[in-house]
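Morning, everyone. Let me put the model up, and then we'll walk through a few parts of it.

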Amino acid sequence: MFKVFVYSLLLTFISLIVSNQIISHEIKNQTRKLNNINAVIQHEENKENLLKTDWVVRTSPARLKILSDKHRSTLKLSPAKGKNIKFIKLEEIR
Amino acid sequence: MGKIFKNKLKKTKIIAGDDLGVFFKSEKNSHQESYVSRNSPHISKERIHLAKFSFIFIFSLFILKSTSLALFPGDIRGIPRSIVSKTVKSPVPEIFDRNNKLLVTSVRTKRASIRNPVNPIETARLIKAVLPLWDEERLVKKLEKRSYVELADDISDVEHYDILNSGVAEVEFHPVWRRIYTNKELASHVIGYSGRDLVGLSGIEKTIPKSKLLQKDINLSIDITVQFHLEDEIKKGIDLYNADSGFGIVIDVISGEIIASASLPTFDPNIINKNYSKDEFKKATFNQVMQGSYELGSVMKIMTLAMALEDKSINLNDTFDDTICIKIAANRCLKNYNNDNASKPINPVECLVRSSNRCMAQIAQIVGRSKQKSFLQEAGLLDEYFLEIFETGSPLIPEKWSDNSMITISFGQGLGVVPLSFASGVASIVNGGYRIKPTLYSLNKRDQRGHSIIREEVSEKLRYAMRQVVKNGSGAQADIPGYAVIGKTGTADIPCNGSYGGCGNRTAFVGAFPGWEPQYVILVSFERPKANINKGVKRNSSYWNAGPTAGNIIRLIAPILNVEYDEKKEVELSTYSEFKKETL
């Protein structure tokens, strides 16, 4: 009876070691995958950030002014004038 | 673990491990001793059972946990630290303007460095081929002297690839964050700049780590389009009037939000650490609006008039002799600007329209110096102004507030004020008389008016008087149809070598729009502007420079700020009829 118990104990040990190895391998694998995904996300976010920044730089007021001055003859753009804006009071709508 | 079992034969309770007790007890229990010696195989068996069950219990726990991990790997709690450290979020928040336009962001770049090169000369030659900005000899010296040399910050992917293929084995790449200021020079004094590794060195950038704002993105009160027009017009003004420098500010009179703040010359925070000499850096980074302290000249007369009307020392029907001599030195009488004296007695509104120094001196004398000082204190002009950024100046107050000081301060000389606090003071005068606290953070136009410093009726009188200055006086060039602009001009001598005169002047215009219910205050100033006859600028007074520049700015920014346009509306004294308009 005692022998059976000892053998079963040994078997349990071995199976535990094997299963722990499998699990640790799986964890490492998943971690690597997670790292890769993180790196891709990071790269994409950085790209998005750069594009966003690039867009803001390209549409900055100073740049738009330069473009507007450059194409003034064809586009005839000018700053908004107060008299061109109609202010509607809430009472008027009611 | 005292497992209790019963001795069936003798009906005595024996606890496992009790036999060990005999070694520690001085007084031996003869009864238990005899039991142990008689039943030792039985006790050994019990112990084995105990150990067996303990092992089985512990291993069952292990097996259960291992099985659950194997079956549900997604339930692994906690992410390794190595992964957390690689998160993509910038450690410093992005900064936006009041309309959510991006002003500052962070991007990840790489820094290339080299550690302990085997052959510095060969390494320098190879590096020079891919990073041509390096001087080869300088690099060799550095490599020979130091074990670690930084080659380049913010390298591009192409440069990264080139360096990897250059054949230098000792090169290292470190990921670093870099702040990008999308609008370059715009609002640079407010936003500030940062050094290596996102360390804020001035402006809002410097305050971020010390405030609770580190976790979320920041919306400033600045409107970047208004900021552009303000800076652009002041820049044009500096060129046209050949001025040394200039500044401007636009404040919401209800919320205290700083809509735009410009101080020229300015700087590009993206390259401040690289492309500026020491002198340029010092001049460009000085924020005149918030750090400076200047005598702004006749714009101060608004305060003198407000003080006297609030004190009820005068009313709008009182008259003042503009020709009398007010002694400011042993044998010197106070002069009006350009010796322009009114031939007949004039009322306080005319005093402001004519910008009479003599008139204001008389008003100050009526009110008295202690009341003058306390009123200016109340209006916030004497405070060491607190704002959300560190770069704030303090007023230059005379050592002794004498009668002479009182007279000169009444028309804007002898007291240096921080332009931001002055603009806030004027906002408090025109918004119905309530003190406002300027802020750089967006409050969505929330009403932040504090305690009252003047009565509503005094505020209305001041608005009326300031409107007359723009309609009929020195502020005429700032009069933009449809907004009934109110304001006051000022031209002050710049002191040098302990006296006034001969060192140029500082011109200023402070105004508000729309005049019938002011929403925004604007302050524009130039240092040492000159006449430009070829361009139609006949003189160097504020009428010719600060006034028209302010007018141009109002024309451009009022539609952007949704200010009501109405050509028929005027600034009227509706309630207070004591004033005889025909005297004007």
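First, the ground rules. This is a predicted model, where local features need pLDDT of at least 70, side-chain atom pairs count only at pLDDT 80 or more, and totals for chains, interfaces and linings use all residues. Residues are numbered from 1 along each chain as its sequence is written, chains are lettered from A and ligands numbered from 1 in written order, and side-chain values use heavy atoms, without hydrogens or water.

Start with helix 12 of chain B, residues 301-311. Nine of its eleven residues are buried, meaning under 20% relative accessible area with a 1.4 Å probe, protein chains only. Among them are B:Ile302, B:Met303 and B:Leu305. After the helix comes B:Lys312, with a positive phi near 60 degrees.

Now the pair. Helix 14 (357-367) of chain B packs on helix 16 (403-410) of chain B at about 130 degrees, axes 8 Å apart. Who makes the contact, that is, heavy atoms within 4.5 Å? Helix 14 of chain B brings B:Met360, B:Ala361, B:Ala364 and B:Gln365, and helix 16 of chain B brings B:Met406, B:Ile407 and B:Ser410. Five are nonpolar, two polar, none charged.

Last, B:Ser355, in the loop between helices 13 and 14 of chain B. Buried or exposed? Buried, because its relative accessibility is 13%. Beyond neighbours within four places in sequence, B:Ser355 contacts B:Ser298, B:Lys301, B:Glu350 and B:Lys488.

Definitions and conventions:
Buried means under 20% relative accessible area, exposed over 50%, partly exposed in between (1.4 Å probe, protein chains only). Helices (H or I, at least four residues) and strands (E, at least two) are DSSP runs, numbered from the N terminus. Axes are lines fitted to C-alpha atoms, for helices over the stretch in contact, and angles run from 0 to 180 degrees between N-to-C directions. Contact means heavy atoms within 4.5 Å. Ala, Val, Leu, Ile, Met, Phe, Trp, Tyr, Cys and Pro count as nonpolar, Asp, Glu, Lys and Arg as charged, and the others, Gly among them, as polar.
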